[in-house]
Amino acid sequence: MSFKDDIKTLRRQSNLTQEALAQKLHVTRQTVSTWETGKNMPSLETLHALSQLFNISLEKLLFNEEIAMKKDKEPSLATQIDHDVKLKSRYRRWTFGLGGLIVLALVSIGILCLGYYKGIGTIDRFDPFLSYKVGYTKLPSEKEISPNNKATNGYWTAWFTDNTMGNEWTKLTLTTGA
């Protein structure tokens, strides 16, 4: 049998007219008639109300057969979908969080490298990768490191080596204040 035949049979077995069934489900008599002629199907909410009204399972109402549930505690499809949606949301948050940390780390390393190669003293002060050595050198002339020198703004940077092979260089930056 089909849904249209089942709904008509269930209605008659319960001694209900189309009008009485329509009133119980809060629909019109014509709507019940379209279900029984097969022109239309009720909504999921109405199907649920019908299954409760006639005290039969939704599967029996729709398919005219009981679907055996698995007894091995396997979650239902709806539960699996809900779980997958939650996991997807969690993975998205973790991806954005880790991606943000990686971008932040790369930008920080880029700024430190820029400060090192351009000789920007303000950035060099915060660079944890720079090693500092104590050494001695002759200071440049006062004109070169003067705060009034527009070309250097009071900064003077030079590279020195104490190694005869020339493979170890030391960066020296001097600043003066006004």
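Is Glu65 buried, partly exposed or exposed, and what is its relative accessibility?

I looked up Glu65 and found 47% relative accessibility, so Glu65 counts as partly exposed. For the cut-offs I noted that buried is under 20% relative accessible area, exposed is over 50% and partly exposed lies in between, with a 1.4 Å probe and protein chains only.

On the source, I noted that this is a predicted model, in which local features need pLDDT of at least 70 and side-chain atom pairs count only at pLDDT 80 or more, while totals for chains, interfaces and linings use all residues. Residues are numbered from 1 along each chain as its sequence is written, and side-chain values use heavy atoms, with hydrogens and water left out.

I placed Glu65 in the loop between helix 5 and helix 6 (77-118). Helices are DSSP runs of H or I with at least four residues, strands are runs of E with at least two, and both are numbered from the N terminus. Leaving aside neighbours within four places in sequence, I found Glu65 in contact (heavy atoms within 4.5 Å) with Glu59 and Lys60.

Next I checked helix 4 (residues 44-53), where Thr46, Leu47, Leu50 and Ser51 are buried. They cover an arc of only 140° around the axis, which puts them on the same side of helix 4; the arc is that of the directions from the helix axis to the C-beta atoms. Glu45 and Gln52 are exposed on the face turned away from the buried side. Among what covers the buried residues of helix 4, I listed helix 1 (3-13), helix 2 (18-25), helix 3 (29-37) and helix 5 (58-63).

In helix 6, I found Leu87, Leu112 and Gly115 buried.
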